[in-house]
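The following exercises concern a protein model and are each followed by a worked solution. Please examine the sequence and the model before reading on.

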Amino acid sequence: MEAKSVSAVPAKLMKIALIVGALCGLYLMALSSHAERDQLRKASVDLTPNCKAKLEGYGLVAAEHYRSPYVQAVNGVDSTVRGYSEQDVRSIQRGCNIVDDLQGQLAKRGARERWNADRFVRGTYTTCIHCHQSGGDKHDTAGKPVSGSNNLGASWVMADMYDRFSGLIMSHELRQMQCYINASNGFKPNSADDLIRDVTAYSRFLSAALDQKMGQRYAEQGLDEIPFSATRRRGDDYVRGAHVYREKCANCHGPQALGMVVQGKVLYPALAGPQSFTMDSRMYFGTLNSLMPGFICRNMPLGAEGSLDNQDCRDIAYYLGTLPRPAGDRQGPLVAAWQQVMMGVMPPLTRYAESLGRNHTEHPGD
Amino acid sequence: MFRSQVSNAPGWPQFRAAYGVDSFGGDGYFTRAVQNGYNLFYFTPDYGKRFTRKTAADAVHSCSSCHTAEALAYGLVNSDRFDAGLDRRVSFEERVMRCYAGPMDGFIPTLYDPAVRDIRVLARAVAHHLRLSEGARTDGS
């Protein structure tokens, strides 16, 4: 009896010591990662070439006042607003880098310079500018923001509005999270994470640079939609879409829309397959059949934008919607598993089927 | 918690007209959130009970005891800036939380609570009425 209780006490102590030790270890780890974050916040920012051009063009420097050279040049108005401190400037710069190069492919220290954003996306190459072109601030040749170009400044001034897809009032931060989850097939960063806050700082700066007013709807916000009613109502046809795709898009995005990556750099993003947006994304034809056609008609094929008619764009979007891609949260595990299998099986099958087709002589009028 | 109905507190019809809230739609989600923000801002002890120890009997009992709606709007477009005192960037939401905990002698709502969100929505509506852009300063220059 006596001996038993003597040996039980040290065992218990050992257990407690182990738990306390583990907690201390976790605490130290948290401290060191906080210290690392702090260091990153204070470090000067290496801008990507795109961001350097954009932010210099907008005259971003730490000063008491900020006056947008763009607004002066284009609108002929002198808009002087509150300037930015060194810390705020760095936050905006990091935000631009995140939008331009989400996973740090252009950064010396890789994803660490982007708050390890690669933790929140599954695809290895997704980045925001694939869909929010020119760093979320695309201009036409006259220097005006392009209508329906997913402009992030215009998005900031219209944040907090009711979102008809989620049925929520969505802050700018939540809209970003949606793009991590759906557009990038990933996970939700915390609302107060530097990753989100730096992009918000960047969006807010864009709205200052473009002199966009709070609560005002601008044509450059979101993507233009092409509903069925904007066609001659012949009906959408994915077979025809596949044909147009092969002609106009496949040379860049690949025959099965899996994108093109050369030496670790994405030249052309994937529009289907594991590197692409999910079935919950608004880009997916099955979720919202008017948005992707709008994106295509306005922005693609790169270099010949605006050359497709509305029906072409709907057909292509429909076709892209039939290709296997990751399921979203709303589809559940069965669909997710099925999509996973299809993403593995379909590309080689399609390649095989097409290689058979090539042996036939083409019929005139095919 | 989502409520499709927001109580009509005194002064709301006048506020609604004065700040052009209806330009966001007569009965939209956004408009209702503005109204809830209005209630919170002017009648904090009634609508933000959980986050303040103040009662209507106190001399200083609501956000409006110290702030005007206009100041709140300017606060929004000047938020997310570096605060030298705190040595970090501070969001609008955090400012609101701090005022619940400090001057309102209460508790901190979470970031997603309507008690925070609808104050931001209110600020946004007023900022829209004043046609403010990012970083607008009170002296108008």
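This is a predicted model: local features need pLDDT of at least 70, side-chain atom pairs count only at pLDDT 80 or more; totals for chains, interfaces and linings use all residues.

**Exercise 1. With which residue does E134(B) form a salt bridge, and how far apart are the closest N and O atoms?**

Step 1. Apply the criterion: a salt bridge is a side-chain nitrogen of Lys or Arg within 4 Å of a carboxyl oxygen of Asp or Glu.

Step 2. The partner of E134(B) is R204(A), with the closest N and O atoms 2.7 Å apart.

Step 3. Between chain B and chain A the count is six salt bridges; over all chains, the structure holds 33.

**Exercise 2. Describe the contact between the two chains.**

Step 1. Count the residues in contact (heavy atoms within 4.5 Å): chain B contributes 31 residues and chain A 36 residues.

Step 2. Consider the buried area, which is the accessible area (1.4 Å probe) that two parts lose on being put together, summed over both. The value for chain B and chain A is about 3,000 Å², and carbon and sulfur atoms give 49% of it. Within chain B, the residues losing the most area to chain A are R89(B), R124(B) and E134(B), together 25% of what that side buries.

**Exercise 3. How many of the 15 residues of helix 4 of chain A are buried, and what span should the helix have?**

Step 1. Define the element: helices (H or I, at least four residues) and strands (E, at least two) are DSSP runs, numbered from the N terminus.

Step 2. The expected span is 1.5 Å times one less than the number of residues. For helix 4 (residues 86-100) of chain A this gives 21 Å, which agrees with its end C-alpha atoms being 21 Å apart.

Step 3. Classify the residues: buried means under 20% relative accessible area, exposed over 50%, and partly exposed in between (1.4 Å probe, protein chains only). In helix 4 of chain A, 13 of the 15 residues are buried.

**Exercise 4. Which parts of chain A does the salt bridge between D198(A) and R94(A) link?**

Step 1. The side chains of D198(A) and R94(A) meet at 2.8 Å, N to O.

Step 2. D198(A) belongs to helix 8 (residues 194-209) of chain A and R94(A) to helix 4 of chain A, 104 residues apart.

Step 3. D198(A) is buried, with a relative accessible area of 2%, and R94(A) is buried as well, at 7%.

**Exercise 5. Is D46(A) buried or partly exposed?**

Step 1. D46(A) forms a salt bridge with K108(A), and their closest N and O atoms are 3.1 Å apart.

Step 2. D46(A) has 41% relative accessibility and therefore counts as partly exposed, whereas K108(A), at 73%, counts as exposed.

Step 3. For comparison, take D137(A) and K54(A), whose salt bridge has its closest N and O atoms 3.1 Å apart. D137(A) lies in the loop between helix 5 and helix 6 of chain A and K54(A) in helix 2 of chain A, so the pair ties together parts that are 83 residues apart in sequence. Both D137(A) and K54(A) are buried.

Conventions: Residues are numbered from 1 along each chain as its sequence is written. Chains are lettered from A and ligands numbered from 1 in the order in which they are written. Side-chain values use heavy atoms; hydrogens and water are left out.
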